Structure formats: C-alpha cells, structure tokens
Amino acid sequence: MDRYQEQPHLLDHHLEGMMNSLLEIVWDSGSPPSLVHLAFKFLYIITKVRGYKRFLPRFPHEVRDLQPVLDMLAKQNPRDPETWETRYMLLLWLSMICLIPFDLARFDGNLTSLEGQARQPTMDRILDLAKCYLVVSDKARDAAAVLVSKFIVRPDVRQSRMADFLDWVLSMLSKSSSQTMEGTVIVNGMLQALAQLFKHGKREDCLPYAATVLECLDNCKLSESNQMVLRKLGMKLVQRLGLTFVKPKVAKWRYQRGCRSLAANLQPQGAAVQNQKREVAAAAPPEADDDEEYDIPGEIENVVEQLLVGLKDKDTIVRWSAAKGIGRITGRLPKELADDVIGSLLDCFSFQETDNAWHGGCLALAELGRRGLLLPSRISDVVPVMLKALTYDEKRGACSVGSNVRDAACYVCWAFARAYEPAELLPFISHISSALIIAAVFDRDVNCRRAASGTFPMALNILTAADYFAVGNRVNCYLTISVYIAGFPEYTHVIRELSTKALHNITQAPEYMANVVLPRLLPLSVGSDLHTRHGAILACAEITISVTYFFTEKSLEGLKQIHQEVCSQHKSVFNFECCMIFKNLKLFMFLAVPGGWQWLINDSLRHLPLVSSAARQHIKESAVSALAALCNEFYINERGEADPALQDELVTQYVSELQNTEEMVRCGFSRALGALPRFLLKGRLQQVLEGLKKVTIISPEDVSFAEARRDALIAIAKVCQTVGVKGDGSQQEYVCSGNVDQIYATLLTGVTDYTTDSRGDVGGWVREAAMTSLMEVTLLLVQNEAQLIHANTCKQIMCWLAQQSAEKIDKFRAHAGSVFLTLLHFDHPPVPHIPHREELERIFPRWEKEVLNWNAASEAFPRITQLLGLPAYQYHVLLGLSVSVGGLTETTLRYSAQSLFDYMKKIQSDPSALESFCETLLKVFEDNLRNDRVSVPLLTMLDQMLANGCFDMFTEQENHPFPVKLFALCKEEIKRSKDIRKLRSSIGVFCGLIQFQGDMREKVFFQLFLLLCHPFPIIRKTTASQVYEMLLTYSDVLDPAIMDQAMAILSDTNWEAELPVVRERRNCLCDLMKVPRPQLVPKCCSQQWEKPERRPSMAG
C-alpha cells in the first residue's frame, strides 16, 4: 500500500472490495480476536494511505450497525498497545454511524436490564467512550476527537450534553499541566476535541461558548509550552474561535482575478466579467450591502494578536498554521481592519526580528495574496520586503540560517504571480524577476534554487534552461545556466555582479568587469567579515583571469593589498584564493612581488595540516599550479636557465621538507617538486628522485603516511615527463639508462603497498597512483627510447597489473584493468617485451578495451582467470584471486569462485597443467605464510576448492606430495594463532584433506582432535560440526563398525562445556579411531599445550 502514497486516488475503485472483504472477518462471530485485530490493522493501513475522510463514508452506517460497533468498542482495552489500530478504526466507524438522523433516545427502550440494574443510555455510552479515548496516548485519541466533533453537534446531543461536555473539557485543560507527560497527553486530546468541534459545529451553536473557551486557552499559556504539537493545536483552535466570532462571509472588497470556472475564463473578456459579477452577486448574502456596518467582537483583536505571535514560533508547523489562520480571519474582516492586520504583519520584517518571524511573515503574505486579501495598493509596500527575504541570510556561529525564509519568499512570488493581473505587477516585474533569477542560479541551497526556478513566469527559454532538474546541480547552475542567462541584456548586470566562479566565463565585456565589478570587490576582499572576504578574494581571482590587461593602477594596488593582508595575518584559509589570483595568469608582470608570492606558496604548503580535509586538496592543487606559473614567469633568464643560487635554495628546501613529520607537508612539497619546470630540475634530477624515493619507503614511524607515498609516486611520474628521456644522457638531467631501473623499482614498490588503518585499505591509494605512474613512465619511454624498457621490467609491470586486476576491490580492479589494456593495446609504437602478447590479445580483443566493465565482477573474473593458463602470469593472478575467492563480498566471491572452478574443470584432463597449478598454489601459500591479508582468504579458497573436487586426480595416489605439503603449510599457518576466522577456515581445509589416501588421514584426524580441545569454545563447536559432516561425506575413511558410535559422540557432546569434560570425550574418540591422544605439556607461562604421544606410527 505504501506504493500508493503519492497517488492514493488510484485505490478508489478497489476500496469497496477491500473493505467488504475485511469487514466479513469482523462480522463473523467465529473469527478469533487476533484475526479481527489483523483485519482492523489492514483497514487502518488503507485509511492511512487514502485518508479517513475519503475512506470512512464507505463504511456501513445504518441503524443496525450502531449497537454492534458500540459493544465491540466497549470490549476493547484502552491501554493495550497491541490493538490500537482496532480502537482507532472503531472510533472512526462510530463517528460515521453517529450521523444517522434519528434521536438516540429511541435506541434505549427499557433502560432496566434483565438483572434489574439500570442500563446506561446510548448517548451517555458514546460520550463516555469518547471521553475515555480523549486521554489516551495512542492514535485512538485523534479518532476520539473526530467522534466528538460529529456526535456533539447532533441536535439531540447538543441540547442536552454540549454544555456539560465543554465544561468537562475546560476543567481538564485547567487541571492539566503541559510540563508532564500525562498532562501533555490530556491537553493534546482536549485541544483536538475543541478544534474539531469548532470546525464542524454551526456558528450559532458554538458562539455562546467561544469567549469562555478563548479565556481558558489564554490561561493555559500554550505559547510557553515546549511541546510543538500543543502549540500547533493551540494555534489551530485560536483561529477556529476567531472564525466563530466573525460572520461567515466573502469580503466584497477582496481583489479578484478571473473566475473559478475554466470555461468562464476562456470566454471573451466582456462576457467573463459579466459572469464573474453575476457569480459574486449570487454568492453574496442578503445583508451584503451593509456588511461593513456590523460590529466586530473585541475578542478578534486577541485572536489576531495570538496568530501574529504564532508567526514567530520556533517550529515551522506552528508558523504555517498561524499563517493560514491570518488568511482565513482577514477574509472576514472589513477592509480597514484587514489593512491594519497587514500593517502589523509587515512589522515582522524587521532586521531586529529572527528568521522565524521572517519565515512566518512570508507564509502569511502568501496566504493573503493567494486569497486576494492583499490589495494592489499594498504591493508597493510588500515587494521591497519580499526582495529582502529572497536574499535573507543570517550568520549563526560557523553556519548561517535563512534558507527557509528564501524558500517562503519564493512562495510569496508564486502566490502573487497567480493572484494579480500582469498590469498590477508591471512596475515591479524587473526587480522581482532579477531577484528570482539570482536565487534560481546562485542560491547555495538546492531547495531554494528549485523553488525560485518554478515560481515566477519568465521567458520561456530561460524557464527551459533553468528548470527544476537543471538547477538541482550546483556546478551546472554556476558555470552553465548563469552563462546562458547572462546573454539576455536585462539580466547581464545582475548576473555579473553576483557570480563568483561564473564571473570568469561570462566576462564578455572585460572593461565592465575591470572598471565596475572589480573595484567593488576589492574593499570586500580585505574587510573584517570572514565569509565575505573569502568569497570576494575568490571572485577577484576569477575576474583577473580574463581581464588582466584592463587593470587600472588603483586595481593593481588593491590586488597587492590582498597579498599584504594575507601575509600579515597568516590566514591559510585565504591562501587558496590568493593562489587562484595568479594561477594560470601573467599577472606577475604587474604585481612584481615574487618573493612575497613564493612565501605565500610555501606557507600554504606548510600549513596544510591545519586546514580542513575538505579544503586541503584544493589549496594544495592551487598552490602547486601557482608555483609553476611563478617559476616560469620570474625564475628563468634570457638563456632559459635558472639562477644557480636560487635553484639550489629552492630545490634543497623542498627536498628537505619531504622528511617533515607531518604527512600533509610531505604531500604538498612532493606535488610541488612534481610541478617544477625543467630548467629548475636540470642538474638536480637525482637529488629530487632520491628525495621522493625516501617518501615512498614504509618505515615504522610513517607507516600510515599513505597519502604522502601516493603524492610522491605521482610526483615521480610528473618529474619524468618534465625532464624527458635521453638514453645516453646525464642522470642529473634526463630519464636515462643510468636511472630508469631506479625509477621503475620505486614505482613497482608502490604496487605492493597494502597498508591498512582505521580508514581502511589506504594502501589502495598508493597502488592506484603507482599503476598510473607506471603507465605514464612506460608510455613516455616507449615513445622516445623504447630500448630502455627491459624484458624483466615489462614482465613485472604486466604481472603486477594482472594481480591487481584479479583482486576484490572494484575501484582498484577497474583501474588496474584499464592500465593493463592501455599498455597491451598501445600502438605508437607498441610496448615491447609484453609476455604472451598474442594470447592476451585473444583474451582481451582490442574492441573490448572501452566496453569491458572491470567494475562488474561478472565480466572481469571470467576473463582474468584465463591468464592462469599463461605461465608468466599464473603466480600473480592466483595471488589476486586468492583474496577475491576467499573474501567477504558476496558478488565478488560468487563470480571469482565460479570462474576459478570453471578453469579447474578445464585442466582436470591435463595432469601437467594441474601439477603446475598446484605447485604455484603451494608457492603462493609458502610466500605468504603468516601474512593474514593473503593466508586467511587463501585458506577459505582452499576449503572451497577441496569441497568442489578440484584435486580429485590426486585422491587415488597415496601420500601425494601436494596434500602432504599443503597439510604442513596449514599446520604451520595456524600454529599458536588466536585468529578465529583463520582457525575456522583451516578446519575446513583439514576436513577436505581427509579424502587423500596414505598417512595423511591419521595426521589430519590428530590435528582435528587437537582443535576439538581448543581454548576457544566456538572453535571446538565448529570442529565437531565439520568433522561430523566430513564423516557423512567421506564415509570410507572410517570403519563402518565404529561410525555410528563416533558420530554419536560428535553430535551428543556439548563442545562448549569446560575443557576437562570436553577432553574426556575427545579422548574417547581418539581411542575409538586409534588415533594418538594429545598430551598436555606444561609451559613456563603456566599454560598447558597438547602434543602427540610418541608412537612409531606417527612418523613426521
């Protein structure tokens, strides 16, 4: 049913059938209470989706239904939390039945029961039930309020019970305190009952009690309550009372545009006006001519004042209720009094008021405009307020408030556009449309941008470009839509003044930007307000990119002053924007302060640890870009060389910072070295490469500095691209035969970085950067000096990439696969020495390079497992697959395992291929012994492979070397281990090894019996369970005569019991199966370990 929440009317044709099916269960006397409650629960769900006002009239509401429903409700327990849906629906149903047009006294008959006791009249029964449920804390309270509103207004009940009921309600309100939980529940029910009663009751019936209710409400002081629901209900009741005090009439002074009928609106203008006049005349009551003369009760002033106060409430729902009340009551007031209300309302828009008052005021203005109660004479007073609200933003500490005010201001514009004739708004149209354009394009809140884009009728092409979905993307708004709108002359001035990033794109008139906009921004960029200063500096930076040659002397001095201010205050938050000023510019020829800019760049990089992580990357990139521009502008002479002293100072300083104890400082200066131009690296290449290499080395002190290692690897590739390649060149100037091996060794080391910390696999950043740098350096060498790439180096690169392409993390697998295919299919010229190139091109055709989705495990693993058949790649691919097949991600595990098993099936008929695979598998295990990153998933993979019969060829041979060595490696891996996942994985491997014949079986049994008495209960329990399954699967490993007894011991023993008890049961198994009993060996640390008894049969 929740699917119909957005369009519940689609259920209307099915409501009758659903309701009848459920009511059949309710009426069936044989239905158990739980089933009846379930039926009412389903009815409640339908009511929740469709709304009780539309669903309730479909309930049966004849005379015969009254007594059964009343009896059913009387049997309910009001405090039962499990059946509140039943009580809720019964109360609503009863409220519908109460509308029957018969005096309830007729249902009473003889009020004396068979036992001689007096029965309660039906009217009192219903009223008592309503009172009972008005003070409960569940949703039945809401239904009880609806019941009261329908029941009390009946003519027979109103005459005899209405006064007493209101007395009871007011007394409950007076006695209850909204400061306690119980009091809050009671006050909530009383307020709901009163609000519903004054909504549905006739005015002449409710008017005698309205003043008393209002006085009691004032005494409750609900505006001081901290319960939002109570304040909202109080506001709702106040407006209902206000509507009771004034006559229900349509103000003839209200502004009217068009007709309520679409057909009338489509008629010629004269005919439409006549129709409208006839409708108004017909709708007007007989006393319409003198309706301005009747007295307005004094209580109205109190009501309006409370509603105006409600507009400033801290909760939106209360403000919204108050705004609707203002609109409803104003529509019944004379013109002069209504204008006074509007004047009081405009007082909310003072900058001494909070954002709550501004928001509530906007909601009320929209309601008044929508109802035609804001006359054209007041538009000139309202529009300036509305324009201020569209840009309302008030700082509160580190953040700001006002998005709700701007959104409500858009609602005001929406209401005005639909309430007034175009001629009325014509004098204000340019100001309103400009403000809405600014909000739709540049407001930082997506809800405000969307509200503004669909609010005011603008040019159709602008509406199309800035529609609801287009303005949802902030980047699209700032950089694309703003450029498009700036092409319209009426909006050019506005857009150019208020954009920041878009300023660069829309400076089609550079003189205007340099002479008008920039002088206005410069004072803001050195002001005292942090946020204004931040935005102004950024705007200055973007403008200078396009208008460099139009600066005046005053503008140049202003730009220098920005630099001086930042340098004097050491505000690193501004360094990013200052670096932006000269990024990609020739601005230095005007601002000839290279020493100051160099200090600013260095200071930015040194203070990166103090900057928030969100801004850190931007500052680093901007400073690095600025450094390159600064060096190219100031540090090169006419001969294209650097000043030796300056070069030595700069390079030495930057290399020394690479050993800083702060990781972010290393990152910044690594990237800075990568951005240095060639003339500064000339003669210093080896020094730079050595410094960067030291950053990539993992030591105990900086093992977590993954970001520094990543940036150092990126910088190495950038440096290589900057200096170029020359095979017989100097190591101090070029990538050459003397240093290429060192470069590759450093980059290949990065591919093996699997560092993890609290952030996860941070080594993945390093591996990703290493793969990218390997590709860039290799392609650089291929295009210039391909002979520098040795066969062994190329093999290592491709093998490591193949391993990364088989691993479990989708992002890094996709990156590795992309680099792998780029190198494989590069043609200008081809990369030399790629092992098995022809086979690889068959597995990965050239046309699949762009379409193969490496992120999808279902596409990647069937391809990468084919590399297991290529000797050069087998080891590394199997190493990568081990991590994926034994991993935890379901999708990766499923497809990687299936691909591996498919490959194993293919080689079952090829003994040499299977032997080679097993040797490689053992080699992978041996090389990664005690390396939990590989060994734990490898054990899981081995368990699956043994269970899937991948090594069935060896099961017929006694003491085959593969299971013997695998057993030894597994035993060594778990020796003294406390890793539960590793131990549980090893149990599966040991159980799988039982299928191999020879001395293996006794050794496997002994190892499993050792685990049956492991200190960890979970390991004992898992071992017993898997040994039981093993004996069922491989029944030939045990004498049938003792099989049942062994399995009984395994299944009946509580393996989580104390160790002495468990050990006794384990020893019974040992004796039964003739396996040596493990013996306790005392250790110096007072722990006891088990070892096998010495028997001749236990050789090895």
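Asn-959 sits in the loop between helix 47 and helix 48 (961–973). Phi of Asn-959 is near 50°, a positive value in a residue other than glycine. This is a predicted model, in which local features need pLDDT of at least 70, side-chain atom pairs count only at pLDDT 80 or more, and totals for chains, interfaces and linings use all residues. Residues are numbered from 1 along each chain as its sequence is written, and side-chain values use heavy atoms, with hydrogens and water left out.

Arg-930 also has a positive phi, near 65°. Its loop lies between helix 46 (911–927) and helix 47 (932–947). Arg-930 is partly exposed, at 43% relative accessibility. Pro-829 belongs to the loop between helix 41 (810–824) and helix 42 (837–843). The peptide bond from His-828 to Pro-829 is cis, and omega is near -10°. Most residues other than glycine have a negative phi, and most peptide bonds are trans.

## Overall make-up

The protein has 53 helices and four strands. These are DSSP runs numbered from the N terminus: helices are H or I with at least four residues, strands are E with at least two. Of the 1100 residues, 51% are buried. Take the contacts between residues at least 6 apart in sequence: 70% of them join residues at least 24 apart. Contact means heavy atoms within 4.5 Å.

## Helix 36 and helix 37

The axes of helix 36 and helix 37 (residues 706–723) come within 8 Å and cross at roughly 160°. That makes helix 36 roughly antiparallel to helix 37. Axes are lines fitted to C-alpha atoms, for helices over the stretch in contact, and angles run from 0 to 180 degrees between N-to-C directions. Angles under 35 degrees count as roughly parallel, over 145 as roughly antiparallel, 65 to 115 as roughly perpendicular and the rest as oblique. The crossing of helix 36 and helix 37 is left-handed; that is, the near helix is turned anticlockwise from the far one by less than a right angle, while clockwise would be right-handed. Helix 36 contributes Leu-685, Val-688, Leu-689, Leu-692, Val-695 and Thr-696. Facing them in helix 37 are Ala-708, Arg-709, Ala-712, Leu-713, Ala-715, Ile-716, Val-719 and Val-723. By class, this contact of helix 36 with helix 37 has 12 nonpolar residues, one polar and one charged. Ala, Val, Leu, Ile, Met, Phe, Trp, Tyr, Cys and Pro count as nonpolar, Asp, Glu, Lys and Arg as charged, and the others, Gly among them, as polar.

Thr-696 belongs to helix 36 (residues 685–696). At 10% relative accessibility, Thr-696 is buried. Leaving aside residues up to four places away in sequence, Thr-696 touches Arg-709, Ala-712, Leu-713 and Thr-746. Val-766 is 70 residues from Thr-696 in sequence, yet their C-alpha atoms are 9.0 Å apart.

## Helix 18 and helix 19

Helix 18 (residues 379–390) and helix 19 (residues 403–419) cross at roughly 140°, and their axes come within 8 Å. On the helix 18 side the contact uses Val-382, Met-386, Ala-389 and Leu-390. Helix 19 supplies Val-405, Arg-406, Ala-409, Cys-410, Val-412, Cys-413 and Phe-416. The contact of helix 18 with helix 19 divides into 10 nonpolar, no polar and one charged.

## Cysteines

The disulfide count is zero, with a disulfide taken as a pair of cysteine sulfur atoms within 2.5 Å. The closest cysteine sulfur to that of Cys-410 is in Cys-413, 6.1 Å away and too far for a bond. Cys-410 is buried, at 2% relative accessibility. Cys-448 is in no disulfide either; its nearest cysteine sulfur is that of Cys-410, 6.3 Å away. Cys-448 is buried as well, at 2% relative accessibility.

## Helix 51 and helix 52

Helix 51 (residues 1017–1033) packs on helix 52 (residues 1040–1052) at an angle of about 155°, with the axes 9 Å apart. Helix 51 and helix 52 are therefore roughly antiparallel. The crossing of helix 51 and helix 52 is left-handed. Ala-1024, Val-1027, Tyr-1028, Leu-1031 and Leu-1032 of helix 51 meet Met-1043, Met-1047, Leu-1050 and Ser-1051 of helix 52. This contact of helix 51 with helix 52 has eight nonpolar residues, one polar and no charged.

Note on methods. Buried < 20%, exposed > 50% of the residue type's maximum accessible area, 1.4 Å probe, protein only.
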